[in-house]
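Trainee: Could you take me through one part of this model with care, namely the interface of chain A and chain B?

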Protein chains: 2
Amino acid sequence: MEFWYTEDHTDEVKFSIKVDKHIYSENSDFQRLDIFESKEFGRFLTLDGLMMVNEKDEFIYHDMISHVSMAVNTNIKKVLVIGGGDGGTVRELTRYKTIEKIDMVEIDELVVRASQKYLHYTACKLEDERVNLYFEDGIEFVKGKESEYDLIIVDSTDPIGPGEGLFTTEFYTNCYKALSEEGILINQNESAYYETNAREAKRAHNKIKNIFPIAMAYQYHIPTYPAGHWLFGFASKALHPIDDLKAEDWNSLGLKTKYYNTELHKGAFGLPNYIKELLESE
Amino acid sequence: MEFWYTEDHTDEVKFSIKVDKHIYSENSDFQRLDIFESKEFGRFLTLDGLMMVNEKDEFIYHDMISHVSMAVNTNIKKVLVIGGGDGGTVRELTRYKTIEKIDMVEIDELVVRASQKYLHYTACKLEDERVNLYFEDGIEFVKGKESEYDLIIVDSTDPIGPGEGLFTTEFYTNCYKALSEEGILINQNESAYYETNAREAKRAHNKIKNIFPIAMAYQYHIPTYPAGHWLFGFASKALHPIDDLKAEDWNSLGLKTKYYNTELHKGAFGLPNYIKELLESE
């Protein structure tokens, strides 16, 4: 028997993974969740038929969504994670002893519960005593907050379905207000290669750079996402991701990482011309 | 009607492209050639069922195989290209007025002829008067040559079939001898993500670093190759790819590139930890 999971990367491109078992499938109020077991990628979670995390390469995504900001501002104490229901982002953040509080706001409780049951590799630190779980809409949660967080991480899906409101000017403006003076906003900023993703990458970046004095995008290479070449946004009121990098401080922490390192941190901001042009265009 | 080209990235992973037409198919003495027309990637060439070039992202491969070395040694005059039958590498090299001679040695004449007929976007500069085409085995061609080239580019397929001998210690040693004092060797160094490619990436790098005093790998992100995250090797007798980078000189040439730029050049050598560990292991 052959059993294949197939994802449409565009209408013209398909990516297929041989699976061993379909171990979970449920419809929440927001989306369809599936968890598969595979030889190449281990266990993986899809939401509405799109790869979210897998055992083989989630380290790439979670290293890059968390360590870049933590190496720029080593005084981060209060963190807000919006989305990220699989727990991987929180897992990386809990490695920092200096972090005092992590509020995680995931609209879909089922993503967290399924991850806790089936994806221990990412969900393993959600019980850390510094973590507060809120099963609410992140858009509402951040409204009216002032200078409460040193770091906000928008660990969202694509801007369709439940993730849509996390790509709006209003939401980014509320994040700005909710951040402290040296606060940093990290957002899932899509990809520049296929047209649909590229349009969203550009729109998100344009909105953020109109709000934050410092707004840049950085790249990472995750084979299981469409095109494999993805972006996070780094925005801050005061800190520059390279000029203010505290490389020595970060390295003195002795955190072992499988993807992130200081040279890569700098290189991640060295985008190809076609991506720079896309992001700089109005 | 739906018509799909499917490539096995591993036994467990497939990548499929919707095609409009299968416009060419031929068996040479060495391999099977196919050219397809598609909406997402334009025309693309496969050899033995593996993607070689396509209209959408060949610029990434060809920028990175050619401009990195040309920005480190701006005195390169004599170049040897082994493989690269589609002509894309030669196309980029002919943009440098300082290059006096390009010997291109492609074992399979049919790849060149098919590219000239169907892939004008890469083959368009093969008639440049500085280009000499040799339809021979590159392994034999380089034997016995001494200090003849300033740059050798091994633009090969994977180390199976006709490309196999281009991944041997003997071949790399002959390249070393064929290079001038400030000579640079660039080689297609596979990928670190899927096991088969990773084994070859490590083996090639280990062989080259035992021969050249300076041997490093650099990354590029090409969505249509397995995992999308690939490596070239940079080896030299004397020049370091970052310490000896002539950024100002290169930028003063005013070459327009869609992928390559100076910041990206530096960043390309900032490899993720898992790749560094793979390449450094014996």
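Mentor: A salt bridge here is a side-chain nitrogen of Lys or Arg within 4 Å of a carboxyl oxygen of Asp or Glu. This is a predicted model, in which local features need pLDDT of at least 70 and side-chain atom pairs count only at pLDDT 80 or more, while totals for chains, interfaces and linings use all residues. Residues are numbered from 1 along each chain as its sequence is written, chains are lettered from A and ligands numbered from 1 in the order in which they are written, and side-chain values use heavy atoms, with hydrogens and water left out.

Across the interface the rule finds 4 salt bridges, and one of them joins A:Glu12 to B:Lys39, whose closest N and O atoms are 3.7 Å apart. By contact (heavy atoms within 4.5 Å), chain A and chain B contribute 41 residues each. The buried area, meaning the accessible area (1.4 Å probe) that two parts lose on being put together, summed over both, is about 3400 Å², and carbon and sulfur atoms give 56% of that. On the side of chain A, the residues that lose the most area to chain B are A:Glu12, A:Lys14 and A:Tyr193, together 20% of what that side buries.

Strands are DSSP runs of E with at least two residues, numbered from the N terminus, and two of them pair if DSSP finds at least two bridges between them. Strand E2(A) runs antiparallel to strand E2 (residues 13-27) of chain B, joined to that strand by 5 bridges, and within this pairing A:Ser16 stands opposite B:Lys14.

Note on methods:
Helices (H or I, at least four residues) and strands (E, at least two) are DSSP runs, numbered from the N terminus.
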